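Hi,

Here is the structure I promised to send over. Have a look at it first, and then read on for my notes.

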Amino acid sequence: MKTLEELKAIREKMQGQVGLRSEDANQTRVVVGMATCGIASGARPVLTTLSDAVQTKNLTNISVTQTGCIGLCQYEPIVEVMEPGKDKVTYIKMTPEKALEVLEQHLIRGQIVSKYTINSEGRI
Amino acid sequence: MMTELSLNVLDVAQNSIRAKSSLIQITVSINTMQDQLLIEILDNGLGMSKEQLKKVEDPFFTTRTTRSVGLGIPFFKYAAQSTGGVFRIDSDPGKGTSVTAIFSLSHIDRMPLGDMTSTVHTLITFNTDIDFLYSYTVDNKSFILDTREFRKILGDVPFNIPEISEYIKDFLRENQDEVNNGRFF
């Protein structure tokens, strides 16, 4: 059984090392829809994949959060990217693999992955 | 429909979060002798009026304005009832809400429990200001995760930093494996 002793050891190790994540105006927000529609279409692995990747790559300027239903249930799982000073980009029908592509191309390299956006294929 | 029960738990717990709960208790209890799987989600949030409570099992009722259907509770209810099980929801305005679903464990229509570790881990690490009390039982073996205990040890170290997030995931996975003792539900 995993015990609380291990947690105490981590706490000792972390002491003084934890810097508060900056939640300033330069932060890019990545939002995943986690209402019934999102969850039923597979939003949970999309959310955890994005969040894990942001942590392992140490992308401190990106915060991954969850939101409710934005009314486009048929396009879930939906990931919205909000970069300061730029238009919001809405990615639809996401999977963990597609989400990682968005992370690499858009969030790290700044290139919108237009084949997955809601504007592509004449959807809107 | 959801593909696994752990997704229903995640979905119903999102209602507790929207209802501004500060403590959410999630219980999964499996009794192989009684051939029963019980899932309970209990919160101390805003609760619902009698009127709302009557409508909550109706798939065409929701408090959202972005769509006109609300399938979270109906999905969970039908998942339980299709196994010959029981579904119950109680609420007290100002005190909180409890949702209980009992499944017939061996029924062919019972969905797999699925990845409870991911559900509980997601809830804890994305809602760091809410406390969770999670208990998982199979017959006479069980384990409990109480974020209030974690908080006492961690002080101001948040749950969502990589080291702690990983610990929480391992804690859930390893303890559930041990309680399951080689069985899958």
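Before the notes, one term: by contact, or touching, I mean heavy atoms within 4.5 Å. With that in hand, take B:F60: leaving out residues up to four places away in sequence, it touches B:S68 and B:V69.

Some housekeeping. This is a predicted model, in which local features need pLDDT of at least 70, side-chain atom pairs count only at pLDDT 80 or more, and totals for chains, interfaces and linings use all residues. Residues are numbered from 1 along each chain as its sequence is written, chains are lettered from A and ligands numbered from 1 in the order in which they are written, and side-chain values use heavy atoms, with hydrogens and water left out.

Back to B:F60. You'll find it in the loop between α2 (50-55) and α3 (72-81) of chain B. (Helices are DSSP runs of H or I with at least four residues, strands are runs of E with at least two, and both are numbered from the N terminus.) Is B:F60 buried or exposed? It is exposed, with a relative accessible area of 65%; the cut-offs are under 20% for buried, over 50% for exposed and partly exposed in between, using a 1.4 Å probe and protein chains only. The C-alpha atom of B:F60 is 5.9 Å from that of B:G70, 10 residues apart along the chain.

Chain B as a whole

Chain B has 6 helices and 6 strands, and from the N terminus they run α-β-β-α-α-β-β-α-β-β-α-α. Its radius of gyration is 16 Å, which agrees with the value near 16 Å for a compact globule of 185 residues. (That radius is taken over C-alpha atoms, and the globule rule is 2.2 Å times the number of residues to the power 0.38.) Along the principal axes, the C-alpha atoms of chain B fill a box of roughly 45 × 40 × 25 Å. Of its 185 residues, 55% count as buried. Among chain B contacts with a separation of 6 or more, 62% come from residues 24 or more positions apart.

UniProt, in an unreviewed entry, places "domain: Histidine kinase" at residues 1-107 of chain B. UniProt positions are in the numbering used here, feature names are shortened, and annotations may be inferred rather than shown by experiment. That span is 28% helix and 31% strand, and its end C-alpha atoms lie 17 Å apart.

Helix α5 of chain B

This helix covers residues 147-154, and B:T147, B:F150, B:I153 and B:L154 are buried in it. They sit on the same side of α5(B), because they cover an arc of only 115 degrees around the axis (the arc is that of the directions from the helix axis to the C-beta atoms). What do the buried residues pack against? Their partners are α1 (4-14) of chain A, plus α4 (116-126), β5 (131-138), β6 (141-146) and α6 (162-180) of chain B. At the start of α5(B), a side-chain oxygen of B:D146 comes within 2.9 Å of the backbone nitrogen of B:R148. After the helix comes B:G155, with a positive phi near 60 degrees.

Chain A

Chain A has 4 helices and 4 strands, in the order α-β-α-α-β-β-β-α. Of its 124 residues, 46% count as buried. For contacts with a separation of 6 or more, residues 24 or more positions apart account for 61%.

A:V79 lies in strand β3 (residues 79-82) and is buried, at a relative accessible area of 2%. Its C-alpha atom is 6.8 Å from that of A:V30, 49 residues apart along the chain. Beyond four places in sequence, the contacts of A:V79 include A:V30, A:V46, A:L50 and A:Y91.

Where the chains meet

A:Q66 is in strand β2 (residues 62-67) of chain A. Its side chain makes a polar contact of 3.5 Å with the side chain of B:Q14 and one of 3.3 Å with that of B:N127. (A polar contact is a pair of N or O atoms within 3.5 Å; within protein, one must be able to donate a hydrogen and the other to accept it, and residues adjacent in sequence count only if both atoms are side-chain atoms.) Not counting residues up to four places away, A:Q66 also touches residues including A:M34, A:L47 and B:F126.

B:F126 turns up again with A:S51, in helix α3 (residues 43-56) of chain A. A:S51 is buried at 15% relative accessible area, and beyond four places in sequence it is in contact with A:V64 and B:F126.

Cheers
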